[in-house]
Amino acid sequence: MEMRAVTKRYGQGGNTVTALDAVDARFAPGTFTAVMGPSGSGKSTLLHCAAGLDRVTAGEVLIDGVPIGGLNERALTRLRRKRVGFVFQAFNLIPALTAAQNVVLPLRLAGRRPRAGEVAAMLGEVGLAERAGHRPAELSGGQQQRVAIARALVTRPAVIFADEPTGALDARSGAEVLRLLRAAVDRHGQTIVMVTHDPVAAAHADRVLFLADGRVVDDLAGPVGAEKIAVHTARLEESAR
Ligand SMILES: Nc1ncnc2c1ncn2[C@@H]1O[C@H](COP(=O)(O)OP(=O)(O)OP(=O)(O)O)[C@@H](O)[C@H]1O
């Protein structure tokens, strides 16, 4: 997954906002990257552009080496369904479906039938084998996020984008979610790009990318301790004021 000189502007004329300003970034297979930076620095925009949810103004995004700028909406949707997974702060499970049905959904959308035991194994991996028949409302926040992780992992995507995946969780459930993301990288060679405000969450990554004003201003190779990340964040927030 790669971004080459990606610029994203919102609005027109005098109201233009440059949310990303010629960003170059490469996310190697089997790595876990945290994206940090002050509010408004472009983190969500980076995630949306990298995932092909939003078109870039200039530059190029490559997923699996495929430049997505040249794809029409249909081809882009197909690529996203097969090769990209998402984990959101608000879980975004479908309330009427059970945990197992939520996990099956991306496979069906990608045109694949689940193999016997595949979904059960996936739920087992996130410690929820016993909850396969439960609906989201019958699960805790941490459990819902674990279902969302199983759902993101089930298609074995090229990359999983996680937007503040621990933002709505207490410390214990958050730690469990981070442990699962880390395990997906270590055990399955999954590639993960995670936006977070939390230095403790970012410390689980292999690398921390810092944004300020739509630019990459720091790129720390890990493991980076939470304390060092917190100091960096404080400095950036200070200079953003
Ligand atoms: N749809 C939009 N229309 C206009 N401006 C936008 C839009 N989305 C984002 N922006 C602007 O682009 C800049 C980057 O926003 P973005 O949401 O990517 O920042 P962020 O780092 O994710 O912030 P936060 O940490 O507060 O979520 C901000 O100045 C924001 O106001």
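Visitor: Which residue in β7 is the bridge partner of Val 84?

Guide: Val 159 in β7 is the bridge partner of Val 84. The structure is a predicted model, in which local features need pLDDT of at least 70 and side-chain atom pairs count only at pLDDT 80 or more, whereas totals for chains, interfaces and linings use all residues. Residues are numbered from 1 along each chain as its sequence is written.

Visitor: What makes β6 and β7 a pair of strands?

Guide: Two strands pair if DSSP finds at least two bridges between them; strands are DSSP runs of E with at least two residues, helices are runs of H or I with at least four, and both are numbered from the N terminus. Strand β6 (residues 84–88) is joined to β7 by 5 bridges, in parallel, and therefore meets the criterion of at least two. With strand β8 (residues 192–195), β7 also pairs in the parallel sense, over 4 bridges, where Ala 162 has Met 194 as its partner.

Visitor: Why is β7 called mostly covered?

Guide: A residue is buried if 20 or more other C-beta atoms, placed from the backbone, lie within 10 Å of its own, exposed if 12 or fewer do, and partly exposed in between. In strand β7 (residues 159–163), 5 of 5 residues are buried. Val 159, Phe 161 and Asp 163 cover one side, and Ile 160 and Ala 162 the other.

Visitor: Why is Leu 105 called partly exposed?

Guide: Leu 105 has 15 C-beta neighbours inside 10 Å, so the residue counts as partly exposed. Leu 105 is placed in helix α3 (residues 99–109).

Visitor: What makes a set of residues a nonpolar core, and which members of the largest one touch the most others?

Guide: Such a core is a set of buried Ala, Val, Leu, Ile, Met, Phe, Trp, Tyr and Cys residues joined through C-beta atoms within 7 Å. The largest here has 64 residues, and Ala 50, Val 103 and Phe 161 touch the most other members. Helix α5 (residues 141–153) gives the most to this core, 6 residues. Neighbours within four places in sequence aside, the contacts of Ala 50 (C-beta atoms, placed from the backbone, within 7 Å) include Met 1, Val 61 and Phe 161.

Visitor: What makes Lys 43 part of the shell around the ligand?

Guide: A residue is near a molecule if its C-beta atom, placed from the backbone, lies within 6 Å of it. Lys 43 is among the residues surrounding the ligand, as are Tyr 10, Gly 42 and Ser 44. The largest share of the shell, 3 residues, comes from α1.

Conventions:
Two residues are in contact if their C-beta atoms, placed from the backbone, lie within 7 Å.
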